[in-house]
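I opened the notebook to look up side-chain contacts. Rings came up, then charges. Here are my entries.

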Amino acid sequence: MKNKHDKAYLQSLIDACPEGGAVAVPEGIWESGPLHLKSNMTLQLEAGSVIRFSRRFEDYLPVVFTRWEGVECYNYSPFIYAKDCENITITGPGCLDGQGDAWWHWKKLQQKAADRLIHAESQGIAPEERVFGTEEDALRPSFIQFIGCKGIRLEGFTVKNGPQWTVHPVYCSDVTVRGICVETGGPNTDGLNPDSCSHVLIEDCTFTTGDDCIAINSGTNEDGWRVNRPCEDIEVRNCMFKGGHAAIAIGSGMSGGVRNVRIHDCQICGTDRGIRVKSIRGRGGYVRDVVFERISMSGIQDDAIQVSMNYGSSTSVPVSQKAPEFSRLTFRDISCTDAGRGLDLCGLPESPVRELVMERVDVKGKEADSVSCVE
């Protein structure tokens, strides 16, 4: 391979890749703009290879169809993107470097555009008319996003410093994420966000992030109800969480519903919170049939376990008061040696947390456990 500094070179190889073929990226630093993958291909990141993505915002235009914090729109292209494809593999042991610090200051600039987008469905604005992709709007793209795809395998590589959410499959099925390492420190740089997906396996991964390490979502508010696609049949196992807002989160964008989730045999050390199931009035949706088991934690700054319908960090305030529903949540064989607080439970009068089971849960905190209800 040549032309390491030609930002369009890797994309030209992908475009020329035959069905069932592979694009191998050898040792070295390879400059790139966004990479749009296609069906039945492998992106092979060889040992010592680094794909370093452009810091120029205009390189991620024209806009593409995406989901931004749970709402459909057209925005800057994710750095690695595929839509309506099948059988795509990205495998290691190389590195994807997003150089995302170029985008992180947009967090302070995004509020007006985010409000406009979050309220678009309630205002009758169709997704085709929700077009952003300007520096004035300042809505950051995801790093890796597959949308409407089937048969995705991500294995063995390191991905670091994306602009916002790092690995973000949307409306996908049959997704395997195995042995990747996510390292990022910017605002809202979640590690892995299955979003209205089904049949997802996440195993043997390591996360150090600037937001939630794994966040399971299914759309936000009215737009999530319209799409009405739950995130379901998700398994997370044998993962290590070394830093982030929460190691494992469900919500708060869970308006399409989350069900049939099993998270087990994981270690958490040094995150702000350990396990967090979160929502607010206006989300609607549900979280049900979720099992957390055989999880050990240490050095948790705030809550080891939080189940709350009073989440206070939503990007935009919902228009409605539609209550979420939490039911059939099981916590089993969970320990935490030192946390700010062991347990925080908060429901709503009109929607209490139902069928919550805790078996052999030993979480120690400096503050007393909290059980409350938001009026």
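I started with a cut-off: a charge sits over a ring if NZ of Lys or CZ of Arg is within 6 Å of the ring centre and within 35 degrees of the ring normal. The model I am reading is a predicted one.

**Charges over rings**

I looked up K322. It lies over the face of W225, 4.3 Å from the ring centre. I then checked R288. Its charged end sits over the ring of Y286, at 3.7 Å from the centre.

**Aromatic pairs**

I counted ring pairs next. The total is 14 aromatic pairs. I picked out Y60 and F79, which are stacked, with 4.4 Å centre to centre and 20° between the planes. This pair links distant parts of the chain. Y60 is in the loop between β5 (49-53) and β6 (64-68), and F79 is in the loop between β7 (71-75) and β8 (80-83). They are 19 residues apart.

I moved on to Y76 and W103. They form an edge-to-face pair, 5.6 Å centre to centre, with 85° between the planes. Here too the pair links distant parts of the chain, 27 residues apart. Y76 is in the loop between β7 and β8, whereas W103 is in the loop between β10 (95-97) and α2 (111-118). Y76 is buried at 3% relative accessibility. W103 is buried at 0%.

Which residues do ring pairs link into a cluster? I listed F53, F57, Y60, Y76, F79, W103, W106 and F143.

**Salt bridges**

I found 34 salt bridges in the structure. E58 and R56 form one of them, at 3.2 Å from N to O. E58 is partly exposed, with a relative accessible area of 40%. R56 is partly exposed at 42%.

R116 is partly exposed at 41%, but D137 is buried at 11%.

D362 and K364 also form a salt bridge, with their closest N and O atoms 2.9 Å apart. D362 is partly exposed at 40%, and K364 is partly exposed at 44%.

My last entry is a network. Salt bridges with shared partners join R153, E155, R178, E203, E235, R237, R262, D265, E293, R294, R332 and E359.

Technical notes: Residues numbered from 1 in each chain as written. Predicted model: local features only at pLDDT ≥ 70, side-chain atom pairs only at ≥ 80, totals over all residues. Heavy atoms only, no water. Phe/Tyr/Trp six-rings, centres within 6.5 Å; stacked < 30°, edge-to-face > 60°. Helix = DSSP H or I, 4+ residues; strand = E, 2+ residues; numbered from the N terminus. Buried < 20%, exposed > 50% of the residue type's maximum accessible area, 1.4 Å probe, protein only. Salt bridge = Lys/Arg side-chain N within 4 Å of Asp/Glu carboxyl O.
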